[in-house]
Structure formats: C-alpha cells, structure tokens
Amino acid sequence: MNRRFITIIMLTFAALLPLQSQVKTEVKRPKIMGVAHVALYVKNMDQARAFYKDLLGFAEPYSLKKTNSDELTLTFFKINDRQLIEIFPEKTPDIDRFYHFAVETDDAEGMRQYLASKGIKVPEKISAGRTGNLNYFVTDPNGIICEIVQYTPNGWTMQNLGKDMPDTRISRHMPHVGIMVADLDSAMKFYRDILGFKETWRGSSNGTLLSWVNLKVPDGDDYIELMLFDKEPSTERKGTMNHICLAVEDVAASGKILQGRKLPEGCKLTTAMKTGINRKRQINYYDADGTRVEIMEPKTVDGLPVPLSPAPAPKFVKKNFKL
C-alpha cells in the first residue's frame, strides 16, 4: 500500500512539472528612494545662472561640453547631495522648457528588467553616463520622460558628497516636481500600479474638477505632483504647471532673503506669499524662461492634514497633444 501511495505521489508531481515550468518568475521591483533631479531647457545660460546660482544661491559644481568643443551641453546646480537641477541650452526657439525628471533607484539594471516585465519600453542594456552614474530614460503614458538613476561609488554624485552646498542656498531640499498630465488614469497605472508610488493627496482649485494628485515615491518621502487640465494650456501656463518645489521652514523669512538679492533680468515678478489649497504657505518665483519655482513650507499652517477632494478628474479629449 505504501509503495502504491508513493507511486501516485510521484506521478502527480511529474504531471505538474510542465505546468510549473510555464509559470514565469515575477521580477521584483527595486527601490525608488526619491526625486533625483529635474531637467529644463533655457534660451540663455547666463540668465539661468543669474537665477539658479545668484538668486537662489545654488552652487554649479560641474558642467558637460560637447566632445572636443567648448560648447556647453549641460550644467548642474546642486540642491543637496542627492538632488540637482539640470539646465540644458534650448535646441530650438520656443521649445517646451520642461525636459524630464529623474528618480533614484538602488538597482538600475534590476529596474530595467522589472519595467520590461511590465511591458514598458526600456533600453536593451545600460551603462554609466558621462558623470559616472547609471541612467536611462523611460517614457510614461502621457509622454513625460522619467529618467532612472543609480548613483555609483565612482560617479560624480558620490565623489562630491558634502561639497558644493553653500549657505547661500535658499533651500536644502526639493520635495517634489510638478508634471503636466492629460490622462490621470494612465498616469496612475504607470506610477502607482507599476512603479509603486503611493497617493497621498488630491486637491481641486475650484471644487468642480480635480487639479492635483500627489504621488509619493515608494521608498522615501519625495513625491511628484500630477498637474491636471482639460484644455490645452498656453506656453506661459505650461511653465507654471511644470514646476519645481523647494522646501523652506519659513516662507516669510526666505522671501525677505530673496528680496535682498537681485531679480535677474527677464524674470517676471514673484507672487505675494499665500496659503495654497494644500494649506501650506508659499511664494512663487519664475526663471527667465517662465518655469515656476514654488518655495513652500513642508507643513500646513495649522498642522492638520488637508481633506482629499472628491472632485472628478478633468477629461482632456484633444488627440495628438504633445507636452
């Protein structure tokens, strides 16, 4: 009886082997720890330096030039050891100022394999860029470029830890970047369902339609702010919606510091300090190309959380819209 029982078990196991071999091993998503940088196009590099370096007080630790040329292709302004603002000379006049944003992972190759397993188009292989870090682009369903970055021990980022962070910096942290999103559902499938971002808040400017959705990275506190719309924005409006947020403990005090510095030529006047729908105090500055820099306190004015808006998301129906 025992031999017969053992034989049945062995035959059953053998029959299941083909089924088990067809089951794909799930690829685990590596960590996403924060927003690494935002990349912008500018028409005039001197004006950009006057804004990000002289006004906002960030150091410019290094730049990249074309091979065998003095022509600048990219320069960096350092917010902290893990966050930068990348500035690129515009390729053509009137190009959209927002180029891309980046998130930091602990395993760029593992993330490449994970994204591929989810049907996301990724490069066949990755290598270190000119700054020594591992990086590559993916494009979300709304056409936004999201760069995946892994800081390597020999890369410029890790080699410059603790350097180029002067006391003139108006902020020590970029808690979020704002990106224009025409289709909220597809954005949620990408950032929430695939990348693992977690929704923390959604708000409405008028109570009728949803205006913002905040999604926090899965393994840190930084977040992206999805900026929603139902009509094609003007060029000026795009510069306001696609934005950078810089955190400060006291907006009024930071505003006084900035008022004591020269507003660069070509920059429109800053807005007055206000409390936003999110109940956080803020002021807005704009670089010479119209990109908004939101200077904001991390906490609400009363310390209480802000209720989520129940308003529906706007429906943008125009086809072939490009951000």
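The stops below cover the cysteines and then one aspartate with its surroundings.

This is a predicted model, in which local features need pLDDT of at least 70 and side-chain atom pairs count only at pLDDT 80 or more, while totals for chains, interfaces and linings use all residues. Residues are numbered from 1 along each chain as its sequence is written, and side-chain values use heavy atoms, with hydrogens and water left out.

**Cysteines**

Select C146. The structure holds 0 disulfides, a disulfide being a pair of cysteine sulfur atoms within 2.5 Å. For C146, the nearest cysteine sulfur belongs to C245 and is 18 Å away. C146 counts as buried because its relative accessibility is 0%; buried means under 20% relative accessible area, exposed over 50%, and partly exposed in between, with a 1.4 Å probe and protein chains only.

**Aspartate 222**

Now select D222, in the loop between β10 (212–216) and β11 (223–228). Strands (E, at least two residues) are DSSP runs, numbered from the N terminus. Is D222 buried or exposed? At 9% relative accessibility, D222 counts as buried.

Display its contacts (heavy atoms within 4.5 Å). Not counting residues up to four places away in sequence, D222 touches G34, V35, Q83, H173, M174, P175, L215, K216 and V217.

Finally, select K65: its C-alpha atom is 30 Å from that of D222, and the two residues are 157 apart along the chain.

Notes
Helices (H or I, at least four residues) and strands (E, at least two) are DSSP runs, numbered from the N terminus.
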